[in-house]
Amino acid sequence: QVQVVESGGGPAQAGGSLRLSCAASGNFFSIPVMGWYRQAPGKQRELVSITASGGTTNYADSVRGRFTISRDNAKNTVSLEMNSLKPEDTAVYYCNADVTYSSSSGRFRFWGQGTQVTVSS
């Protein structure tokens, strides 16, 4: 089994900053991709940012230039530094880890429990 645990989040003022952290643990061969998604009330879950084990990153247009994703492959952790926060960033943020169980297996996605980010104007 794979566990994905987030930390961080909470309330913030518009223009402020928050940092989210996530750690994956358990039995797996590799984690090709880790990242962050978010879900606001009444909306679908959407991609925020993802990073591959080789260093490639991708950001949603809405957060590019404000959020920075970083990853520690040795520790199986990923962080999201969120700056210049806006009220529309308010959502539950979920960490995901796409893992493999061997060099030839497919990928299996695991989610964290989610952490609330609330940005007030």
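Cysteine 22 and cysteine 95 are both buried, where buried means under 20% relative accessible area, exposed means over 50%, and partly exposed lies in between (1.4 Å probe, protein chains only). A disulfide joins the two, with S to S at 2.0 Å. This is a predicted model: local features need pLDDT of at least 70, side-chain atom pairs count only at pLDDT 80 or more, and totals for chains, interfaces and linings use all residues. Residues are numbered from 1 along each chain as its sequence is written, and side-chain values use heavy atoms, with hydrogens and water left out.

**Disulfide**

- The structure holds one disulfide, a term for a pair of cysteine sulfur atoms within 2.5 Å.
- The torsion about the S-S bond of cysteine 22 and cysteine 95 is about -80°, so the disulfide is left-handed.
- The bond links distant parts of the chain: cysteine 22 sits in strand 3 and cysteine 95 in strand 9, 73 residues apart.
- Strands here are DSSP runs (E, at least two residues), numbered from the N terminus; helices are runs of H or I, at least four residues.

**Nonpolar core**

- The largest nonpolar core has 29 residues. Such a core is a set of buried Ala, Val, Leu, Ile, Met, Phe, Trp, Tyr and Cys residues joined through side-chain atoms within 4.5 Å.
- Val4, Met34, Trp36, Phe67, Leu80, Met82 and Tyr93 touch the most other members.
- Two or more core residues come from each of strand 1 (2-8), strand 3 (18-26), strand 4, strand 7 (67-72), strand 8 (77-82), strand 9 (91-100) and strand 11 (115-120).
- Strand 9 gives the largest share, five residues.
- In soluble globular proteins, nonpolar side chains tend to be buried together.
- Leucine 80 is in contact with residues including Leu18, Leu20, Trp36, Val48, Phe67, Ile69 and Tyr93, leaving aside neighbours within four places in sequence. Contact means heavy atoms within 4.5 Å.

**Aromatic pairs and ring faces**

- The structure holds two aromatic pairs. Rings of Phe, Tyr and Trp (its six-membered ring) pair if their centres lie within 6.5 Å; planes under 30 degrees apart count as stacked, over 60 as edge-to-face and the rest as tilted.
- Tyrosine 37 and tryptophan 111 pair edge-to-face, at 5.1 Å centre to centre with 75° between the planes.
- Tyrosine 37 lies in strand 4 (residues 30-39) and tryptophan 111 in strand 10 (residues 108-111), so the pair ties together parts 74 residues apart in sequence.
- Tyrosine 37 is buried at 15% relative accessible area, whereas tryptophan 111 is partly exposed at 33%.
- Tyrosine 101 and phenylalanine 108 form a tilted pair, 5.2 Å centre to centre with 55° between the planes.
- Tyrosine 101 is partly exposed at 38%, and phenylalanine 108 is partly exposed at 40%.
- Arginine 45 lies over the face of tyrosine 94, 3.7 Å from the ring centre. Arginine 45 also lies over the face of tryptophan 111, at 4.5 Å.
- A charge sits over a ring if NZ of Lys or CZ of Arg is within 6 Å of the ring centre and within 35 degrees of the ring normal.

- Serine 49 lies in strand 5 (residues 46-52) and is buried, with a relative accessible area of 0%.
- The side chain of serine 49 reaches the backbone oxygen of asparagine 58 at 2.9 Å. A polar contact is a pair of N or O atoms within 3.5 Å; within protein, one must be able to donate a hydrogen and the other to accept it, and residues adjacent in sequence count only if both atoms are side-chain atoms.
- Threonine 51 lies in strand 5 and is buried at 5%.
- A polar side-chain atom of threonine 51 lies 3.3 Å from the backbone oxygen of threonine 56.
- Threonine 51 and glycine 35 are 16 residues apart in sequence and 5.9 Å apart in space, C-alpha to C-alpha.

**Loops**

- Asparagine 76, in the loop between strand 7 and strand 8, has a positive phi of about 55° although it is not a glycine.
- Serine 84, in the loop between strand 8 and strand 9, has a positive phi of about 50°. Serine 84 is partly exposed at 41%.
- Most residues other than glycine have a negative phi.
- Arginine 66 lies in the loop between strand 6 (57-59) and strand 7 and is buried at 11%.
- Beyond neighbours within four places in sequence, arginine 66 is in contact with Glu81, Met82, Asn83, Ser84, Leu85, Lys86 and Asp89.
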